[in-house]
Structures are given as structure tokens and as C-alpha cells.
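Hi,

Here is the structure I promised to pass on. Have a look at it first, and then read my notes below.

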Amino acid sequence: RIGLVIGIYDADQTFSIMRVWEKTMVSDLRPIMLYEPQEKSGGSFKAGEYKDLKTNFINLPIPTMSIDWIIKDNYLVIATSKEAARYATDRLK
């Protein structure tokens with residue numbers, strides 16, 4: 001799995017930026033994925049919750065692969081699976 005952890009300054013502003021980026025995020029991140037989906041992704045981003053944190057995700061047409069993003073404190077986590085995003089989030093200090 002691929003994951004990114006990025007330091008941020010303003011969680012609200014980053015949340016707004018991420019919501020806009022959701023429109024092109026799948027195609028923007030496609031070059032760094034190790035497998036090229038042959039079909040379009042499974043619709044649009046959906047909201048969820050994990051340990052009182054808002055999560056956003058979109059399922060990809062690859063078994064167990066998605067793009068998930070979570071903001072925790074001063075960090076933005078982006079990962080290619082729910083498990084990877086949660087794992088990274090749990091380890092932030």
C-alpha cells in the first residue's frame with residue numbers, strides 16, 4: 001500500500017481543499033499506483049468515521065484498494081486502503 005503523511009497548518013482549509021481535489025484525485029494519483037484499474041472508480045467519495053475522526057474514501061475497482069484521506073491534528077493522511085490510512089493515523093503523535 002502507498003501512504004502519505006503531510007504536515008498542515010489549517011485543518012479546516014485543508015479539508016476544503018481536499019473536498020475540491022476529490023473530483024480529480026483518482027486520476028491524479030493513478031501514476032503512483034502499482035496497478036492500473038481497467039474500470040472507472042466506484043462512484044464518488046463517501047464520508048465515514050474512525051475514532052472520532054472524519055474519513056473520506058472512494059473504492060477502486062481493485063479488490064481491497066481505495067483512496068482514503070483523514071485529517072488528524074496538524075496532519076493529512078492519504079493512503080490506498082482504509083487499513084493503511086488508519087494505521088498511519090494511529091501512529092501520529
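**The pocket, the strand and the cavity**

The largest pocket in this predicted model has a volume of about 170 Å³. It is lined by 14 residues, and those closest to the centre are Phe-57, Ser-66, Asp-68, Lys-82 and Arg-86. If you want to find the pocket by element, look for strand E2 (46-50), strand E3 (53-59), strand E4 (66-72) and helix H3 (82-90), each of which gives two or more residues to the lining. H3 gives the most, with four residues. By class, the pocket lining holds five charged, five polar and four nonpolar residues.

Now for the neighbours of E4. E3 and E4 run antiparallel and are joined by five bridges; Thr-55, for instance, has Ile-70 in E4 as its bridge partner. The two strands form a hairpin with six residues between them, where Thr-64 takes a positive phi near 65 degrees. E5 also runs antiparallel to E4, again with five bridges joining them, and there Ile-71 stands opposite Leu-76 of E5. The hairpin of E4 and E5 has two residues between the strands, and Asp-73 in the turn has a positive phi of about 55 degrees.

Searching the whole structure for cavities of 30 Å³ or more turns up one. About 60 Å³ of space lies in the largest cavity. Which residues line the largest cavity? They are Ile-2, Gly-3, Leu-4, Leu-29, Ile-32, Met-33, Ile-67, Ile-78, Ala-79 and Thr-80. At least two residues of this lining come from strand E1 (3-7), and at least two from E5. Eight of the lining residues are nonpolar and two are polar, with no charged ones.

Finally, a word on confidence. The chain has a mean pLDDT of 87, with 90% of its residues at 70 or more. Where pLDDT is low, the predicted coordinates should not be read in detail.

Cheers

Methods: Residues are numbered from 1 along each chain as its sequence is written. This is a predicted model: local features need pLDDT of at least 70, side-chain atom pairs count only at pLDDT 80 or more; totals for chains, interfaces and linings use all residues. Side-chain values use heavy atoms; hydrogens and water are left out. pLDDT is the predictor's confidence in each residue, from 0 to 100. On a 1 Å grid over the protein atoms alone, a cavity is a set of points where a 1.4 Å probe fits but cannot get out, and a pocket is an open set with protein on both sides within 12 Å along at least five of seven lines; lining residues have an atom within 4 Å of a point. Grid points are joined across faces, edges and corners, and a volume is the space filled by probe spheres set on the points. Ala, Val, Leu, Ile, Met, Phe, Trp, Tyr, Cys and Pro count as nonpolar, Asp, Glu, Lys and Arg as charged, and the others, Gly among them, as polar. Two strands pair if DSSP finds at least two bridges between them.
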